[in-house]
Amino acid sequence: MKKISTIVSLGLAASLLVACSSDKGAKTQSEWDKVKEAGVLKVATPGTLFPTSYHDDDKNLIGYEIDMMNEIGKRLDIKIDYQEIGVAEAFTAVDSGKVDVAVNNFDTTKERQEKYNISEPYKYSIGGMIVREDGSSGIGATDLSDWKGKKAGGGAGTQYMKIAEKLGAEPVIYDNVTNDVYLRDVSTGRTDFIPNDYYTQVIAIKFITAKFPDIKVKMGDAKYNPTEQGIVMKKTDDSLKTQLDKVIKDMKADGTLKKISEKYYAGQDLTKPEEGTKNLPVVDVSDIK
């Protein structure tokens, strides 16, 4: 009996050592190692934001960020698994591990960098606004002094809705809806304007008004808050960011990213900052949660 007990005890000890060893291995596995081992990078993307992430007439998911992520997948030799998730849920999906990264024209901000790793910028832009074509939105001051009391349409938690709130606009929050819903509400007066990425809005207006001629909107005159966009991921370690940064830099250097930008932004190269943006007004929203 004593001998059997000893054998059992030794067996149990060995099992515990294996378990501890496995636990230790799991804990030390980097974010990039997890992705590489799975062979898949899970990406949160809206699928509703033209021209960065949307569906063509054949229901294929396309856009600037989609082409970019597909190219990143090829260069890292991994598959890209897209999960269509709106702005508000994208960060939660990263936090929970439902996805590895999120792309949705997300601005790189100090607040976001404190909580997340954000890649090398893949796009530079400035803030703009969509208003009614007939001027009845009553907004357009270059110093942004006329936002107070106006109805601003946008997604919950976006930087642009924080800017609107800071300047006294009344937020009208949408879920993950398509561009035509946003623009039609401005046209009909449900909202007064849409604060968002300037270059994305320029292209969206051309696309949506050609498809829906009854939507009467235009770009406002005001420009503000120079921005840069990056891929959002967990801050567990820098391994995944290091891999993504290298590929994005390589794509900039060899002109691949520029070609993708020109494809979706009517010949414009948004992979580098626009000149003259330093003089634009900047609204600090670090105090807006």
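Predicted model: local features only at pLDDT ≥ 70, side-chain atom pairs only at ≥ 80, totals over all residues.

Author: Residues are numbered from 1 along each chain as its sequence is written, and side-chain values use heavy atoms, with hydrogens and water left out.

The largest pocket has a volume of about 530 Å³. Of the 34 residues that line this pocket, Leu-49, Val-87, Thr-158, Tyr-182 and Asn-196 are the closest to its centre. The elements that each contribute two or more residues to the lining are α4 (87-96), β8 (151-155), α6 (159-166), β9 (170-174), α7 (179-188), β10 (193-197) and α8 (198-211). By type, the lining of the largest pocket divides into 16 nonpolar, 14 polar and four charged residues.

Several terms require definition here. On a 1 Å grid over the protein atoms alone, a pocket is an open set of points where a 1.4 Å probe fits, with protein on both sides within 12 Å along at least five of seven lines, and lining residues have an atom within 4 Å of a point. Grid points are joined across faces, edges and corners, and the volume is the space filled by probe spheres set on the points. Helices (H or I, at least four residues) and strands (E, at least two) are DSSP runs, numbered from the N terminus. Ala, Val, Leu, Ile, Met, Phe, Trp, Tyr, Cys and Pro count as nonpolar, Asp, Glu, Lys and Arg as charged, and the others, Gly among them, as polar.

Helix α4 deserves attention next. Its residues Val-87, Ala-90, Phe-91, Ala-93 and Val-94 are buried (under 20% relative accessible area, where exposed means over 50% and partly exposed lies in between, with a 1.4 Å probe and protein chains only). These residues cover an arc of only 155 degrees around the axis, which puts them on the same side of α4; the arc is that of the directions from the helix axis to the C-beta atoms. An α-helix has 3.6 residues a turn, so residues three or four places apart point the same way. The cover over the buried residues of α4 includes β1 (40-45), β5 (101-102), α5 and β13 (232-233). After α4 comes Gly-97, with a positive phi near 90 degrees.

Helix α7 contains Asp-185. This residue is buried, with a relative accessible area of 13%. Apart from its neighbours within four places in sequence, Asp-185 is in contact (heavy atoms within 4.5 Å) with Tyr-174, Arg-190 and Thr-191.

Between α6 and β9, two further elements of the lining, the loop holds Gly-168. Gly-168 is partly exposed, at 31% relative accessible area. Beyond its neighbours within four places in sequence, Gly-168 is in contact with Trp-147, Lys-148 and Gly-149. One of these, Trp-147, forms an aromatic cluster with Tyr-160, Phe-193 and Tyr-224.

The whole structure holds 12 aromatic pairs, in which ring centres of Phe, Tyr and Trp (its six-membered ring) lie within 6.5 Å; planes under 30 degrees apart count as stacked, over 60 as edge-to-face and the rest as tilted. Among them, Phe-50 and Phe-207 are stacked, at 4.1 Å centre to centre and 15 degrees between the planes. Phe-50 lies in the loop between β1 and β2 and Phe-207 in helix α8, so the pair ties together parts that are 157 residues apart in sequence. Phe-50 is buried at 9% relative accessibility, whereas Phe-207 is partly exposed at 32%. A cis peptide bond, with omega about 5 degrees, joins Phe-50 to Pro-51, which is found in the loop between β1 and β2.

Finally, α8 is among the elements that cover the buried residues of α10, together with β2 (54-55), β3 (61-62), α3 (64-76) and α9 (239-253). In α10 (residues 256-264), those buried residues are Thr-256, Leu-257, Ile-260, Ser-261 and Tyr-264. They span an arc of only 140 degrees around the axis, which puts them on the same side of α10.
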